[in-house]
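Reader: I would like to learn how to read a model of this kind, one feature at a time. Where should I start?

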Amino acid sequence: MEMNDSVVTTVRLMADYMPDNPLSGPFEASWRYMTAHYTEFQIATWGSLLVHELLYFLICLPGFIFQFLPFMQKYKIQNDKPETWAGQLQCLKVIMFNHFFIQLPLMCGTYHFTQWFGIPYDYDSMPPWYMLCLQVFCCAVVEDMWHYVLHRIMHHRRYYKYVHKVHHHFQVPFGATAEYAHPVETVVLGTGFFLGILMFCTHMVQMWAWVAVRLIETIDVHSGYDLPFNPLHLIPFYGGAKFHDFHHMNFTGNYSSTFTWWDKLFGTDQQYKDFQKKVAAKQGAKKQE
């Protein structure tokens, strides 16, 4: 009990030094309007679908535009293999099927989850922004561990051709391919997304915050562009597009979704390290010419 009390006291003391959320004004007004005009079922189901669809395609938009900008091609990781309209159309068909026939039925369970566990929707029960960030980070850690283990199993020769091979149809990924997957993979790997919610969720807003962060991360690592000004590179142990792009190109290694520590721990990033050394050697040789 004494340890728990000391932790609570420490958190409260730290909270006194935390800055206010600059978005609290307009965000509070919007949230209160939503909860006053829509039912919890509508928010949890149709609101979640709307948040997911809007975020998914908005986050994909910059990468889609990059393919038409010649000056951005120097940041494309596999710049000798441009996207095709046929490939992008095929990707769109599959992800829309997954969104509405796989993910939407799962979203329909969100309302029942919040009712069962007493998850609040009102603004006054919302955790402060720094606690929300901590909760989302914990969700990312849990999801990353789940993803590493299940993703690696899916690459086993006994199972690969039945499920995960669909995702690897695109050896050169682009943002929208983040959710291009077999329905079984969508459910199995997607389970990691919900594990963090089961463990840490204390408010409906956390689900949407975690959706936003997870989509930003997975679309970024599938973008095919290694941007030097990407703020996600500031996150310690963040894999990024270059790390995951190698997985699509090589088919093995680099199994983690977000962080690199599991691949480092189990040595499944060795081929990636060797590849990076070869690239660095070639670049060094060109500079000497």
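Author: Start with overall size. The radius of gyration is taken over C-alpha atoms, and the rule for a globule is 2.2 Å times the number of residues to the power 0.38. Keep in mind that this is a predicted model.

Reader: What radius of gyration does the protein have, and what would a compact globule have?

Author: A compact globule of 289 residues would come out near 19 Å, and the protein has 21 Å, which agrees. Along the principal axes, its C-alpha atoms fill a box of roughly 65 × 45 × 40 Å. As for burial, 42% of the 289 residues count as buried, where buried means under 20% relative accessible area.

Reader: How many helices and how many strands are there?

Author: The protein has 10 helices and 0 strands. Read from the N terminus, the order of elements is α-α-α-α-α-α-α-α-α-α.

Reader: How do I check the length of a helix such as α4?

Author: The expected span is 1.5 Å times one less than the number of residues. Helix α4 covers residues 85–117, so its 33 residues should span 48 Å; the C-alpha atoms at its ends are 45 Å apart, which agrees.

Reader: Where in α4 does the kink lie?

Author: The kink is at Q103, shortly before the proline P105, and amounts to about 40 degrees. After α4 comes G118, with a positive phi near 65 degrees.

Reader: Which residues form the nonpolar patch on the surface?

Author: The general idea comes from helix geometry. An α-helix has 3.6 residues a turn, so residues three or four places apart point the same way. In this structure the patch consists of L50, L54, L58, L61, F64, I65, F68 and W85, which together have about 820 Å² of accessible area. Helix α3, residues 40–66, gives the most to the patch, with 6 residues.

Reader: Where is F68 found, and how accessible is F68?

Author: F68 sits in the loop between α3 and α4. Its relative accessibility is 44%, so F68 counts as partly exposed.

Reader: Now the charged pairs. How many salt bridges does a search of the whole structure find?

Author: A salt bridge here is a side-chain nitrogen of Lys or Arg within 4 Å of a carboxyl oxygen of Asp or Glu. The search finds 7 of them. In one of these, the side chains of R32 and D124 meet at 2.7 Å, N to O. R32 belongs to helix α2 (residues 24–37) and D124 to the loop between α4 and α5 (129–154), so this pair ties together parts 92 residues apart in sequence.

Reader: How accessible are R32 and D124?

Author: R32 is partly exposed, at a relative accessible area of 34%. D124 is exposed, at 62%.

Reader: Are K76 and E83 buried or exposed?

Author: Both K76 and E83 are buried. Their side chains meet in a salt bridge at 3.4 Å, N to O.

Reader: What about K242 and D226?

Author: The side chains of K242 and D226 form a salt bridge at 3.4 Å, N to O. This pair links distant parts of the chain, 16 residues apart: K242 is in helix α8 (residues 240–250), and D226 is in the loop between α7 (204–221) and α8. K242 counts as partly exposed, at 33% relative accessibility, and D226 counts as partly exposed at 23%.

Reader: Which residues do salt bridges with shared partners join into one network?

Author: The network is made of E28, R32 and D124.

Notes: Residues numbered from 1 in each chain as written. Predicted model: local features only at pLDDT ≥ 70, side-chain atom pairs only at ≥ 80, totals over all residues. Heavy atoms only, no water. Helix = DSSP H or I, 4+ residues; strand = E, 2+ residues; numbered from the N terminus. Bend = angle between axes of the 7 residues up to and from the residue. Patch = residues over 30% accessible without salt bridge, like charges linked within 9 Å, V, L, I, M, F, W, Y side chains within 5 Å. Areas by Shrake-Rupley, 256 points an atom, 1.4 Å probe, with all protein chains shown as cover. Buried < 20%, exposed > 50% of the residue type's maximum accessible area, 1.4 Å probe, protein only.
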